[in-house]
Amino acid sequence: MRVRAFAKINLSLRVLGVRSDGYHELRTVFQSVALHDTLTIREWAGPFALTCNDPRCPTDRRNLVWRAAEAVWKVAGRPARSRGRGAPPGLSIHVSKRIPMDAGFGGGSSDAVAVIRALGREWRVAEGRQRAIAAALGADLPYFFEGGTVLGLERGDLLFPLVDHPAAWIVLAIPACGVSTTEAFSWLDADRAERPRSERSRLTVTNDLQGPVSRHHPEIARLVRALEGAGASRAAMSGSGSGVFGLFAERAAAIRAAAALAALGNRRVSRFTPRVLVTRTVSRRAYERLAGN
Ligand code: C5P
């Protein structure tokens with residue numbers, strides 16, 4: 001069985017405050033994009049096995065795909081086996097990774113949801129229970145049951161589908177640094193504790209994490225400015241970074257901007273040469289057809 005796991009960007013991300021459970025209260029707008037990983041799920045005669053074409057991707061329990069498979073297996077009432085720590089024996093999952101990791105594009109969460117939906121269907125786990133498994137694994141996962149343009153409140157997991165954003169071409173730029181979500185939120189907290197509110201939002205960025213994260217990784221702000229300079233109608237960091245995106249109405253303009261960014265990487269930010277990709281928005285309907293079950 002082969003399934004696609006699409007990336008997302010956050011068209012906007014506002015951090016409204018800190019909740020009593022330590023998470024941050026968000027108001028974010030998710031948008032799915034065509035860039036995707038492909039997962040191949042097979043039966044095989046051996047213990048649970050997870051492989052990935054990218055050697056930087058963990059292939060053990062640290063990977064959400066592993067924990068997702070384990071959770072669906074458990075909820076489906078399959079016998080627990082000691083080998084593989086409760087992961088389903090006789091199953092192999094290969095992840096062909098295209099979505100950059102630790103970049104704020106939701107690749108790990110999307111992969112996990114693709115597995116929850118595929119195995120859930122196979123083992124007759126009701127969609128409500130699949131969603132509960134996803135919600136327990138991370139705040140970003142529930143979005144991948146929806147796709148398209150969606151408003152996310154609370155931890156980003158209370159979802160309200162919106163009218164799809166007009167189709168757009170998207171340039172993604174990923175600096176060499178990766179940013180952990182936990183770290184990004186802690187930098188935001190430190191920043192807010194230090195700076196009075198009046199000093200904070202001089203820039204009209206649409207991602208509240210962009211300022212604090214860029215102070216630790218200035219190449220992020222530089223890439224956002226470069227995208228704006230290259231004609232993006234809107235550019236910002238996605239999620240907790242380190243990836244950034246720029247929106248373009250025309251494909252040719254996006255391709256020109258991508259080339260300009262790659263060249264800029266070679267010249268000015270040499271040490272931080274970004275990876276640059278061109279993709280496009282995916283509507284909810286297209287998402288349902290391509291990623292749905
Ligand atoms: O839910 P997930 O595992 O993706 O979140 C990783 C970390 O990011 C959390 O442990 C938390 O520190 C931070 N986070 C947050 N508020 C959110 C989402 C994530 O503080 N709404």
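**Exposure, a helix side and a ligand shell**

Modeller: Glu-154 has its place in the loop between strand 5 (149-153) and strand 6 (158-161); strands (E, at least two residues) and helices (H or I, at least four) are DSSP runs, numbered from the N terminus. This is a predicted model, in which local features need pLDDT of at least 70 and side-chain atom pairs count only at pLDDT 80 or more, while totals for chains, interfaces and linings use all residues. Residues are numbered from 1 along each chain as its sequence is written, and side-chain values use heavy atoms, with hydrogens and water left out.

Biologist: Why is Glu-154 called partly exposed?

Modeller: Buried means under 20% relative accessible area, exposed means over 50%, and partly exposed is in between (1.4 Å probe, protein chains only). Glu-154 has 35% relative accessibility, so it counts as partly exposed. The backbone of Glu-154 also has a positive phi of about 60°, although this residue is not a glycine.

Biologist: Why does Arg-124 count as exposed?

Modeller: Arg-124 reaches 78% relative accessibility, and therefore it counts as exposed. It is found in the loop between helix 2 and helix 3, and it too is a residue other than glycine with a positive phi, here about 55°.

Biologist: How do you know that the buried residues of helix 9 are on the same side?

Modeller: The buried residues of helix 9 (residues 284-291) are Arg-284, Ala-286, Tyr-287 and Ala-291. They cover an arc of only 155° around the axis, so they lie on the same side of helix 9; this arc is that of the directions from the helix axis to the C-beta atoms. The face turned away from that buried side carries the exposed residues Arg-285 and Arg-289.

Biologist: Which side chain has an N or O atom 2.6 Å from an oxygen atom of the ligand, and what makes that pair a polar contact?

Modeller: The side chain is that of His-24, and a polar contact is a pair of N or O atoms within 3.5 Å, so the 2.6 Å pair qualifies. A side-chain N or O atom of Tyr-23 is 3.1 Å from a ligand oxygen, and a polar backbone atom of Ala-139 is 2.9 Å from one. The protein covers 74% of the 450 Å² of accessible area that the ligand has on its own, as computed by the Shrake-Rupley method with a 1.4 Å probe.

Biologist: Which helix gives the most to the shell around the ligand?

Modeller: Helix 4 does, with 3 residues; residues around the ligand (those with a heavy atom within 4 Å of it) include Thr-181, Thr-182 and Phe-185.

Notes
A polar contact is a pair of N or O atoms within 3.5 Å; within protein, one must be able to donate a hydrogen and the other to accept it, and residues adjacent in sequence count only if both atoms are side-chain atoms.
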